[in-house]
Amino acid sequence: MSETIQFHYDVDGENFTSAGEASVQIKQKLRQLGFTPDIIRRVSIAMYEGEINMVIHAGGGVADVFVDPESIKIILEDHGPGISDISLAMQEGFSTATDTVRSLGFGAGMGLPNMKRYTDSMEIDSELGKGTKITMVVNVPI
Amino acid sequence: MTEYKHSVSLDIEKCKGCTNCLKRCPTEAIRIRNGHAVINSSRCIDCGECIRICPYKAKKAISDKLDAIKDFKWKIALPAPSLYGQFDSLDEIDYVLQGLLDLGFDDVFEVARAAELVSGYTRRYINRPNSIKPVISSACPVIVRLISLRFPYLCDNVMPLQPPMEIAAMLAKKQALEKNPDLCESDIATCFISPCPAKVSYVKNDATDKKSYVDCVVSMSDIYFSLLGVMKKAKPLLPLSRSGMIGIGWASTGGESSAIFNDKYLAADGIENVMKVLDQIDNGTFPDLEFIELNACNGGCVGGTMAVENPYIAKARLQTLKRYLPVSQNWNRKTAGEDDFYIPDDYIIQSELEYKPVSQLANDTNEAIKKMADIQAVREQLPDLDCGSCGAPTCQAFAYDVVKGEASEDECIVKMRMRIKELLKSDYAKPEKESAENDSK
């Protein structure tokens, strides 16, 4: 039987400076669990981008990470405005971020594409006006 | 794996078992056990934070004494550039170098000179199309060790160049053998005058692939007063110094970076800032930079715990000292038959920087997950105060210790107090009841 462990993080939407904290913490957990540097990096990048997205667009949300020896599943859930055109949002460089956000160095339109690139699967479940749920999985090669 | 030998150590007599160092340690390497601090040597990175914070001076950096090399025929001093910033109203570096000779050294080789050569090769390394960007400086041994313990993915970004201290020692020995043909290698001892305990550890552990060219590392503060004494001598100065602005600039943060002649760099200091920068590079969300200079100490090497002067004062003095110096006095010659990216083999660290997973809970992931679940369970019962009274820096670290069998849950005094209260409640409740019953009788 393979064991599973869950980590839960609240992503604060008010605070840009603390964005990314959950990804730093998950990195430490995965290190303690003995995952390889490559897996740790992929999870932390995907998680970081997702966290930033929730802060920029949705006023925060929650992140749940389920870890077992074969895979790491990241579920990000927010109650933001939702994504109106997912395939457009997936295009590199497409961004709806405000100028203020861009002036902080975010909003380059690489968030979702990077999340897809660094994970083995990504599902976006979004409803306008309700929120967005993103499920990403990184498989651990044995 | 042989145990890493540290320079940072503890005087048990002086240690009161307070929590100052416990809370300050950036790698959570310290625990309080049996009333005094204990340093976990596999986690310690020799940053010296505990030395700075300890109110009882119980933490200290162990370095060599000059006596260690007194029997060698030919003793060479390798002064770190930060040494020049330790003296008030010094107008010539030569006073310091002459002072070292008067202390009994047979020769002096400035580490600043080697730093200028390393700067030249750094430029070549950055320009190599296959170097992994951003290139991270390998000069601060604390940073290199930190990366190997906590930032596995960045190990390949660390520049494989020997630090200036090593190069200085290597060149000094070579030069001594050329100058004095009757000497043999075993007659020569090189002595680094260091602002930094991590350099002591670096030498003691032969941190790279081969034995260090440095034979002894003496603390700047140990040598300071005797050096000051001989420097007062008024005698005509010999022009000994051969270093320029670049070499001296290495003593403080930004100096090494400015010598790459490329503005796509970042220079950070202070262990906490450095860790934040590394986290960001690791996340891949980082500006497009080519070179990262990281120093564990505030201000850079001038901020080392074995330096005497306040780092910012030392830095200001160095600015005055280097003002009229040439940019550099040591240039890397072109080697016939080699391209513009050529770096001689003896400047390169041959072994790769290896990730050491010190915090890994178990070799088997399943086992590790089980342990982490146990840690979470223990953690939920803890008060979240991070008070340090149990001897661990945070409740999280304490839960980790409990699961590893290094601490017992009873050591949490907040929990214990709650239990005592509960016990008292139930104990007092009984006699009161009894007496009430007696009254009615």
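Let's start with what helix H13 of chain B packs against. Its buried residues pack against strand E1 (5–12), H1 and strand E2 (60–67) of chain A, together with helix H14 (395–403) of chain B. This is a predicted model, by the way. The buried residues of H13(B) are Thr365(B), Ala368(B), Ile369(B), Met372(B), Ile375(B) and Val378(B). As for its length, H13(B) covers residues 365–380, which is 16 residues. From first C-alpha to last it reaches 22 Å, close to the 22 Å expected at 1.5 Å a residue.

Now the contact between the two chains. In total, 19 residues of chain A are in contact with 21 residues of chain B. Which helices of chain A each supply at least two residues of the side that touches chain B? They are H1 (21–33) and H2 (37–58). H1(A) gives the largest share, six residues. By type, that side of chain A divides into eight nonpolar, six polar and five charged residues.

Next, the domains. Chain B is divided into domain 1 (8–61), domain 2 (66–347) and domain 3 (360–441). The centres of domain 1 and domain 2 of chain B, taken over C-alpha atoms, are separated by 27 Å. Between these two domains, 11 residues of domain 1 are in contact with 15 residues of domain 2. On the domain 1 side, helix H2 of chain B, residues 49–53, provides the largest share, three residues. The domain 1 side is made up of six nonpolar, two polar and three charged residues.

On to a sheet in chain B. Four strands form an open sheet in the order E6-E5-E8-E9, with parallel pairing. Why do E6 and E9 (216–219) of chain B each have one side without a neighbour in the sheet? They stand at the edges and each has a single partner strand, so one side is left without a neighbour. In general, strands of a sheet pair through backbone hydrogen bonds. E8(B) and E9(B) run parallel and are joined by four bridges. Across from Val218(B) in E9(B) stands Ile193(B).

Last, helix H6 of chain B, residues 164–179. Its 16 residues should span 22 Å at 1.5 Å a residue, and its end C-alpha atoms are 22 Å apart, which agrees. Its buried residues include Pro164(B), Met165(B), Ile167(B), Ala172(B) and Ala176(B), and also Glu166(B) and Lys173(B). What covers the buried residues of H6(B) includes strands E5 (74–79), E6 (107–108) and E8 (188–194) of chain B. Helices H4 (111–127) and H7 (197–204) of chain B are also among the elements covering them.

Conventions:
Residues are numbered from 1 along each chain as its sequence is written. Chains are lettered from A and ligands numbered from 1 in the order in which they are written. This is a predicted model: local features need pLDDT of at least 70, side-chain atom pairs count only at pLDDT 80 or more; totals for chains, interfaces and linings use all residues. The expected span of a helix is 1.5 Å times one less than its number of residues. A residue is buried if 20 or more other C-beta atoms lie within 10 Å of its own, exposed if 12 or fewer, and partly exposed in between; C-beta atoms are placed from the backbone. Two residues are in contact if their C-beta atoms, placed from the backbone, lie within 7 Å. Ala, Val, Leu, Ile, Met, Phe, Trp, Tyr, Cys and Pro count as nonpolar, Asp, Glu, Lys and Arg as charged, and the others, Gly among them, as polar. Domain bounds come from an automatic or database domain assignment. Two strands pair if DSSP finds at least two bridges between them.
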